[in-house]
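Please open the model in your viewer and keep the sequence panel beside it. The tour below moves from one selection to the next.

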Amino acid sequence: MLRYLLVLSRPRFWLYLAGPVLVGVAYGAASVPELFSLPAVGLFAYFLVPANVFLYGVNDAFDREVDEANPKKDDREARYRGGPAVTVVVVAAGALLVPVAAALPRVALPWLVA
C-alpha cells in the first residue's frame, strides 16, 4: 500500500506544492537561520509529501470515472483503488496540516489559507 500511496501522490509534481513554500519562506525569512527553522522545515516537509497525498487522493477519488479512460493512469500514475485504508491515509494527510499550521507564526496563517 505504501508504494501505491507514493505513486498516488505523483512525485514528479511534488515541487508544485513545495516549491511555492520555498519561495515564501525565502521571501519572508529575515535571516539564514530562519530558512531552516522548525516551522519552515515542517511546512516544506508537509507540502512535499502529505499535501500531495491529500490533494491527489481527493482528486482521484472524485475523478474515478474520468480516469478510467486516462492512458496516463496505466504507466505514470495510479488508478484510485479506494478502500478504507486509503481513505484514512488521505484524510490523515489533510489533517496533518493542523499541527503544522499551529507551529507557524500567526502572520503566516492567512497566506496558508489563501
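Is Asp60 buried or exposed? Select Asp60 first: at 1% relative accessibility, Asp60 counts as buried, where buried means under 20% relative accessible area, exposed over 50% and partly exposed in between, with a 1.4 Å probe and protein chains only. This is a predicted model, in which local features need pLDDT of at least 70 and side-chain atom pairs count only at pLDDT 80 or more, while totals for chains, interfaces and linings use all residues. Residues are numbered from 1 along each chain as its sequence is written, and side-chain values use heavy atoms, with hydrogens and water left out.

With Asp60 still selected, colour helix H5, residues 50–62, in which Asp60 has its place; helices here are DSSP runs (H or I, at least four residues), numbered from the N terminus. Leaving aside residues up to four places away in sequence, Asp60 touches Leu8, Arg10, Asp67, Lys73, Ala78 and Tyr80, contact meaning heavy atoms within 4.5 Å.

Asp60 forms a salt bridge with Arg10, and their closest N and O atoms are 2.8 Å apart; a salt bridge is a side-chain nitrogen of Lys or Arg within 4 Å of a carboxyl oxygen of Asp or Glu. Because Asp60 lies in helix H5 and Arg10 in the loop between helix H1 (2–8) and H2, the pair ties together parts that are 50 residues apart in sequence. Arg10 is also buried, with a relative accessible area of 6%. A search of the whole structure finds 1 salt bridge.

Select Arg64, Asp67, Glu68, Arg79 and Tyr80, which line the largest cavity, a cavity being a set of points on a 1 Å grid over the protein atoms alone where a 1.4 Å probe fits but cannot get out, and lining residues having an atom within 4 Å of a point. This cavity has a volume of about 40 Å³, the volume being the space filled by probe spheres set on the points, which are joined across faces, edges and corners.

Finally, look for the largest pocket, with a volume of about 580 Å³; a pocket is an open set with protein on both sides within 12 Å along at least five of seven lines. Of the 20 residues that line this pocket, select Val21, Gly24, Val25, Leu43 and Ala108, the closest to its centre. Helix H2 gives the most to the lining, with 7 residues.

Technical notes:
Helix = DSSP H or I, 4+ residues; strand = E, 2+ residues; numbered from the N terminus.
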